[in-house]
Amino acid sequence: MRSAKGIAVLMVGAVLWVGCGGDGEEEPADSQPAAAESQPAATETPATSGGPVDAAMAATGEGLFTSKGCTACHTIGSGRLVGPDLAGVTQRRTDAFIMGIIMNPDSMLANDADAKQLLAEYYTPMTNQGISAEDSEALLAFLKGKDAE
């Protein structure tokens, strides 16, 4: 019985790992933003402090949220999953933090105290999917739109 539980845990982990992998294509390492670019400034305000959300960009972000497999680890308003529930994330985090963790999670987990705290709480590092700055802006617009609802 004990080995069956172990196999089940490994299978769930494998499904989640694959589910977070996006389309399987990796971008070259040099296309990733520098670590310093993804670090939020201490004086920044939460992401919702900006103007109105661009509906077209938010729609693109919603498509990316689904196609990149974000739903394997995150919900928006349905509670904790593998990763944190993202409802209200733009009220808790800065644009720089959100975009940094989306584009360069490895650097954020190594250098950012808040990212380290999230890893300690959820035990699963965010998968680096090589998200471009443009796509991270669309994902941010989607999250802002959800928080504005």
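User: Which residue's ring face does R93 lie over?
Analyst: A charge counts as sitting over a ring if NZ of Lys or CZ of Arg is within 6 Å of the ring centre and within 35 degrees of the ring normal. R93 is 4.9 Å from the ring centre, and the face it lies over belongs to F97.

User: Before going on, what kind of model is this?
Analyst: Residues are numbered from 1 along each chain as its sequence is written, and side-chain values use heavy atoms, with hydrogens and water left out. Local features need pLDDT of at least 70, side-chain atom pairs count only at pLDDT 80 or more, and totals for chains, interfaces and linings use all residues, since the model is predicted.

User: How many helices and strands does the chain have?
Analyst: Both kinds of element are DSSP runs numbered from the N terminus: helices are H or I with at least four residues, strands are E with at least two. Reading from the N terminus, you get α-α-α-α-α-α-α. The count is 7 helices and 0 strands.

User: What share of the chain's residues is buried?
Analyst: Buried means under 20% relative accessible area, exposed means over 50%, and partly exposed is in between (1.4 Å probe, protein chains only). Out of 149 residues in the chain, the buried ones make up 36%.

User: What share of the chain's contacts with a separation of 6 or more comes from residues 24 or more positions apart?
Analyst: A contact here means heavy atoms within 4.5 Å. Among contacts with a separation of 6 or more, residues 24 or more positions apart account for 70%.

User: How far apart are the end C-alpha atoms of helix α2?
Analyst: The expected span of a helix is 1.5 Å times one less than its number of residues. Helix α2 covers residues 55–67, so its 13 residues should span 18 Å. The model agrees, with the end C-alpha atoms apart by 18 Å.

User: Within what arc do the buried residues of α2 fall?
Analyst: The buried residues of α2 are A58, G61, L64 and F65. They line one face of the helix, because seen down its axis they fall within an arc (taken from the directions from the helix axis to the C-beta atoms) of 115°.

User: Which helix do the buried residues of α2 pack against?
Analyst: One side of α2 is turned away from the buried side, and there you'll find the exposed residues A55, A56 and T66. The buried residues of α2, on the other hand, pack against α7.

User: Which residue caps the N-terminal end of α2?
Analyst: Look for a side-chain oxygen 2.9 Å from the backbone nitrogen of A56. A polar contact is a pair of N or O atoms within 3.5 Å; within protein, one must be able to donate a hydrogen and the other to accept it, and residues adjacent in sequence count only if both atoms are side-chain atoms. The capping residue is D54.

User: Which residues form the aromatic pair, and how far apart in sequence are the parts it ties together?
Analyst: Rings of Phe, Tyr and Trp (its six-membered ring) pair if their centres lie within 6.5 Å, with planes under 30 degrees apart called stacked, over 60 edge-to-face and the rest tilted. A search of the whole structure finds 1 such pair. F65 and F142 form it, tilted, at 5.3 Å centre to centre with 50° between the planes. F65 is in helix α2 and F142 in helix α7, so the pair ties together parts whose separation in sequence is 77 residues.

User: What is the phi of Y123?
Analyst: Most residues other than glycine have a negative phi. Y123 sits in the loop between α6 and α7, and it counts as exposed at 68% relative accessibility. Although it is not a glycine, its phi is positive, at about 65°.

User: How many of the residues of α4 are buried?
Analyst: Helix α4 is mostly covered, and what covers its buried residues includes α3, α5, α6 and α7. I98 is one of the buried ones, with a relative accessible area of 4%. Of the 9 residues in α4, the number buried is 8.

User: Which residues does I102 contact, leaving aside neighbours within four places in sequence?
Analyst: I102 is found in helix α4 and is buried, with a relative accessible area of 9%. Its C-alpha is 8.2 Å from that of M126, 24 residues away in sequence. With those neighbours set aside, I102 is in contact with M126, I131, S136 and L139.
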